[in-house]
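Colleague: I'm new to this one. Could you walk me through how to read its inside?

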Amino acid sequence: MPTPLALLTLLLASVLTLAASADARGAEQGAAADTAALLDGLDAFIDQALGDWQVPGAAVAVVKDGVTVYAKGFGLRDVDKKLPVTPDTVFAIGSCTKAFTAAALALLTDQGAMSLDAPVRDILPGFRMYDDYATAHVTPRDMLLHRTGLPRYDALLAMRPDVSREEAVALLRHLPPNKELRAGFEYSNLMYVAAGRLAEVVSGQSWEDLVAGRLLAPLGMAATSFSPQAAQASPDFARPYGARRGRFAEIPFADITPFGPAGSMFASATDMARWLAFHLQDGRVGDEALITKTAMTEMHTPQIITPRGQPNPEIPFGGYGLGWGVSAYRGHLLVLHDGEIDGFKALASFMPGDGLGVVVLTNRMGAPLPEIVAFQIYDRLLSLSPFPWAERAKADRAQAAKVRTAKAAATLAAPEHPAPPTHDLSAYAGLYRHPAFGEVRIELRDAGLAAHCGGETLPLVHVTYDVFRTGPAEAADAPAKVGDAESAGDSPSGLAATFHMDHSGAIARLDIPLEPNAADIVFTKVAADPGPSEPAAKPGDAPQGATRP
């Protein structure tokens with residue numbers, strides 16, 4: 001039986017605990033009240049921005065000192081049914097997923113299961129890049145920092161949606177780099193796919209299970225998922241939209257499950273606020289450290305400079321950490337990542353030195369609303385004079401439209417001295433293959449040639465000699481791709497298709513510029529009766545340090 005002194009000690013401890021809890025609640029309420037005063041009028045600003053930028057809906061959350069102090073929904077998550085957005089509405093977050101993949105590798109590094117600076121080929125069986133040096137020296141850190149030299153090659157996502165994650169990694173050996181290893185920044189979704197696959201091999205779990213079990217569950221991110229099917233099972237999810245003739249048009253969800261570690265996740269603003277709080281608290285959930293502070297600091301530290309566009313004194317430099325962009329906003333360290341995927345655009349950001357975080361989720365891509373709203377919030381919370389980001393964005397968009405118009409006019413312009421094709425159109429028909437991008441079938445029809453690739457049928461319009469231009473995908477192949485709604489991977493529509501002859505004069509190959517920052521992709525014509533397609537190479541089927549194909 002407790003002694004009177006012990007009872008008194010327990011009583012005092014209880015009183016002190018209650019007092020501490022009351023103080024904490026009071027601090028949170030005080031912080032919320034202060035934030036509310038600074039954000040007065042923000043709701044009207046966001047409502048206005050939705051109309052100005054033709055965005056159906058948005059969810060916004062603000063974190064301060066580890067506490068969610070603002071979370072609201074605006075506009076519609078379903079235009080036809082007039083369903084409103086709430087803070088718990090689930091949106092696709094696109095490349096904001098990359099931070100989760102980087103965190104998963106940090107977890108495995110913390111537990112000693114791998115090193116970020118060991119060659120990937122020592123961990124991932126069959127890993128091969130295009131050349132020997134990169135194969136031998138690429139590390140997980142290189143993958144996460146986008147410094148392997150491999151350009152985007154996002155058309156691969158559109159043309160090979162059938163590949164598995166393992167097979168996607170096996171295709172890397174057929175993709176030439178744009179830069180030497182570590183020579184500069186080259187954003188690559190495929191490298192994050194490889195990083196996710198690496199996490200699977202090390203952990204013995206799928207990337208999805210690893211992230212869900214080791215990150216989402218401890219953070220209480222119950223609404224976060226990895227596929228459009230799971231997102232649509234939620235009672236509160238946003239539909240994706242494009243704009244056509246000034247109206248919203250629903251488009252299909254993008255399912256990039258094989259490429260998931262680069263951008264397949266769905267989340268709510270409420271869940272993403274927990275994610276930002278986790279980063280602002282150096283990897284802790286309450287008193288538990290899921291990831292060491294050292295690893296978190298590495299994620300948030302710029303380790304490579306990113307290319308800059310138009311000079312911007314408010315954001316003077318661009319860098320990249322592990323799964324996060326790192327910059328400064330008006331003198332304050334800013335860690336951020338945006339994400340765009342069919343019909344959605346997101347921005348997750350935080351300021352470690354100020355204890356602030358902002359997430360903005362929208363259900364239309366292509367509009368700068370997430371950045372405009374986030375910077376408006378930071379200006380208010382930092383007591384800075386609000387910068388006219390909307391006006392600058394409108395000016396930038398107008399200039400970009402002029403450039404696009406001029407480029408389109410140049411592309412569509414007839415050559416000065418057009419010449420007919422060198423062969424009858426039937427000579428161009430046939431099957432063409434690339435070891436990574438798969439097949440393009442050229443078919444002769446009454447209206448001329450058409451190309452079948454990536455599940456789309458594209459008419460070929462003759463330009464001159466053996467140069468053709470791909471027209472828009474036929475309606476049956478793309479029933480709901482509208483306006484400026486871009487796809488998860490680059491569509492081959494609107495590109496030059498150039499045929500080449502062999503030494504005998506026969507049409508032998510087809511070159512298509514599927515990657516703007518690399519040489520044309522060369523598809524080789526196969527025999528008239530090609531038989532079944534050659535299966536994708538499997539990891540482990542070639543010696544380490546293999547030579548170029």
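This is a predicted model: local features need pLDDT of at least 70, side-chain atom pairs count only at pLDDT 80 or more; totals for chains, interfaces and linings use all residues.

Colleague: Which residues touch the most other members of the largest nonpolar core?

Modeller: W275 is one of them, along with L172, I291, F437 and F523, in a core of 119 residues. The element that gives the most to this core is helix α3 (residues 98–110), with nine residues. There's also a second, separate core of 34 residues, and A49, V69, L347 and V358 are among its members.

Colleague: How should I read a strand, say β15? Is it buried or exposed?

Modeller: Here's the general idea: in a regular strand, side chains alternate between the two faces of the sheet. Now take β15 (residues 356–362): seven of its seven residues are buried, so the rest of the structure largely encloses this strand. L356, V358, V360 and T362 lie on one side, G357, V359 and L361 on the other, and both faces are covered.

Colleague: Which strands pair with β15?

Modeller: Strand β1 (residues 57–64) runs antiparallel to β15, joined by seven bridges. Strand β14 (residues 344–351) also pairs with β15 in the antiparallel sense, over seven bridges. Look at T362 in β15: A58 is its bridge partner, and K345 stands opposite T362 too. In the β14 and β15 hairpin, four residues sit between the strands, and G355 takes a positive phi near 65°.

Methods
Residues are numbered from 1 along each chain as its sequence is written. Side-chain values use heavy atoms; hydrogens and water are left out. A nonpolar core is a set of buried Ala, Val, Leu, Ile, Met, Phe, Trp, Tyr and Cys residues joined through side-chain atoms within 4.5 Å. Buried means under 20% relative accessible area, exposed over 50%, partly exposed in between (1.4 Å probe, protein chains only). Helices (H or I, at least four residues) and strands (E, at least two) are DSSP runs, numbered from the N terminus. Two strands pair if DSSP finds at least two bridges between them.
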